[in-house]
Amino acid sequence: MATVKKSKKGIIIAIIAVVVALAVAGTSIGIIAAKKKIPQVSLYTISTGDINEVVNSTGTVSSGTVKDFKVSSVATVKEVFVKVGDEVKAGDMLATFDTSGLDSQLSQLQLTYAQAKESYETAVINQKAAKAYLDSINPEIEELEKKVAELQEIVDYSTTSTTTTEPTTKPSTTKPSTTAISTTERSTESTTRKTYPANMAGAVEALTDLVASINEISGSVEETNELTRIVMSVIIQEIENGNLSSDAIADKVGEAVSKAISDSINVEIVEAAVRAVDWAAIGASFAQAPNVNLASAEVRLASLYAERQLFELEASQDTVNAKKQFMITSKNALDVVQEADEELTAGWVAPFDGTITSCDLVPGIQTNMLASGLSLQNLDEMVVTISLGEYDTHKVKVGMPVTITTAYGQYTGEVISKAPTATGGSSSSSALDSLGSMAGISGLSSLTATGAGVQTVISVNVPDDNIIAGFDADVVIGVGDNVGITVVPIESIVLEKTGSYVYLYNEEEGTVTKTQITTGAISDSYYQVLSGLQPGDKIVATPSSDFTDETFEVKVK
């Protein structure tokens, strides 16, 4: 038999080929095995049980009865009869004060309130009158706007159709006036008086300022309206006559106002208000217009615009509300100082038996120098104040029993009050409270800067020297005994944003399906099942975080 010798190179190649083949085969087998790998799980059979549901929280111990004496006004401490730690009886005098310095404060606040009240009442009356005047002014403005438009058409037609630069009928404005101001006077006045554009916009602005000035010295809308009409009629007449001197117009206005209203108005103030307007600037365009009727109508329309602007402000509910709010604020400030004055004049008296827990009073010192006043507490009555999150507050009721634990012992108590609303908080608090509720801990969000909670007060039945105000205490509130209910272990539940889930086992198919359930009461170990499961159902005892499919095959251990 012949022997065939293989070269070393051939042998190496053959070995490599075998290794590669084995590696490929091993990988394929591993992939197939991985694909066929079935999760092994332990099952739990749903049954009934009992849950003694509780809410856990941590709060601050304080006295059940506290009276803080604080000074809201300036006075002088006269005598102090107590110090921190003193035991006092109801009716004991604690401190006296010299309140003579409050007299000036009270007088000023009373005056401010009286003025604010009068201003509000006047605003209410003026609002009604202003609304009535607006009803009459608005139609008048509409008619006058039409008239001005018609006159403007006539003037425009006359200007374009005539061959001469002079108007067919020379208006009275071309007459020389002995009261007309010179160029020098006009230049001098323009440096000391507010100037306005020589057009309709300038006239409206000037007359608006004038009406506002008249309103400041007037006692009512009716008086403002009457004065405005008198002043405007004189101004229109003077401009029609070619008189553009502010001083002369002011004198004429003063005479007219004096005749109409005797002593109720300071005529000099009205004259000053008229004199402050540079009529040479705003009246020239009207006085030199080719039609005096158009000029007069435009000035009258400008004055009506100014009146309407004033009356709209007077008729505004915002104006009335602002004055009403100032009146209320003034009254509140007066009440606070009056109450403080009465309290300080009588001196501070203990309203109940208790212990002085803080005292910042020193004889002779001004009360505005005090960081605080004086605090009296009845340390025989102790309470714990907690904050309940939104997932637990509906469970806790007044009268429920509570177990209180401090560093030095355990006490019994009960819920004695619960606030009707939550305080503080933001939208992020819900997640914290939800997490806390799942763990059986209430009010997690209230421990953060943005958390909201419902303040709840718990009494301590038999306090002793070991429970100290200011320290924290843990509380356990018994919120209900649930007997013979369907329960599920906490570790069998998967908590997600969309709800609570378990993996329900199908014995016929050997699969589990992710199933949503509704839970109720909670204990340290179990949740109550309200829907989604029945006694006898089997679920995965401890679901794995690797579960991703909704339904899949499992192998039961």
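Which charged end sits over the ring of Phe69? The points below take this up and then move to the rest of the protein.

1. The charged end of Lys67 sits over the Phe69 ring, 5.2 Å from its centre. A charge is taken to sit over a ring if NZ of Lys or CZ of Arg is within 6 Å of the ring centre and within 35 degrees of the ring normal. Lys514 likewise lies over the face of Tyr501, at 4.8 Å from the ring centre.

2. This is a predicted model, in which local features need pLDDT of at least 70 and side-chain atom pairs count only at pLDDT 80 or more, while totals for chains, interfaces and linings use all residues. Residues are numbered from 1 along each chain as its sequence is written, and side-chain values use heavy atoms, with hydrogens and water left out.

3. The secondary structure comes to 11 helices and 21 strands, which are DSSP runs (H or I, at least four residues, for helices; E, at least two, for strands) numbered from the N terminus. Of the 557 residues, 39% count as buried; buried is under 20% relative accessible area, exposed over 50%, and partly exposed in between (1.4 Å probe, protein chains only).

4. Among contacts (heavy atoms within 4.5 Å) between residues at least 6 apart in sequence, 79% join residues at least 24 apart.

5. The largest nonpolar core has 36 residues, and Leu210, Val231, Ile235, Val253, Val274 and Phe311 have the most contacts inside it. The elements giving two or more residues to this core are α2 (102-161), α4 (200-216), α5 (221-240), α6 (246-260) and α9 (292-315). The largest share, 10 residues, comes from α9. A nonpolar core is a set of buried Ala, Val, Leu, Ile, Met, Phe, Trp, Tyr and Cys residues joined through side-chain atoms within 4.5 Å.

6. Leaving aside neighbours within four places in sequence, Phe311 is in contact with Ala130, Tyr133, Leu134, Ile137, Val221 and Asn225.

7. Glu205 is found in helix α4 and is partly exposed, with a relative accessible area of 35%. Its C-alpha atom is separated by 7.7 Å from that of Ala306, 101 residues apart along the chain.

8. Ser459, in strand β13 (residues 452-460), is buried at a relative accessible area of 15%. Beyond its neighbours within four places in sequence, Ser459 is in contact with residues including Met382, Ile404, Thr412 and Ile416.
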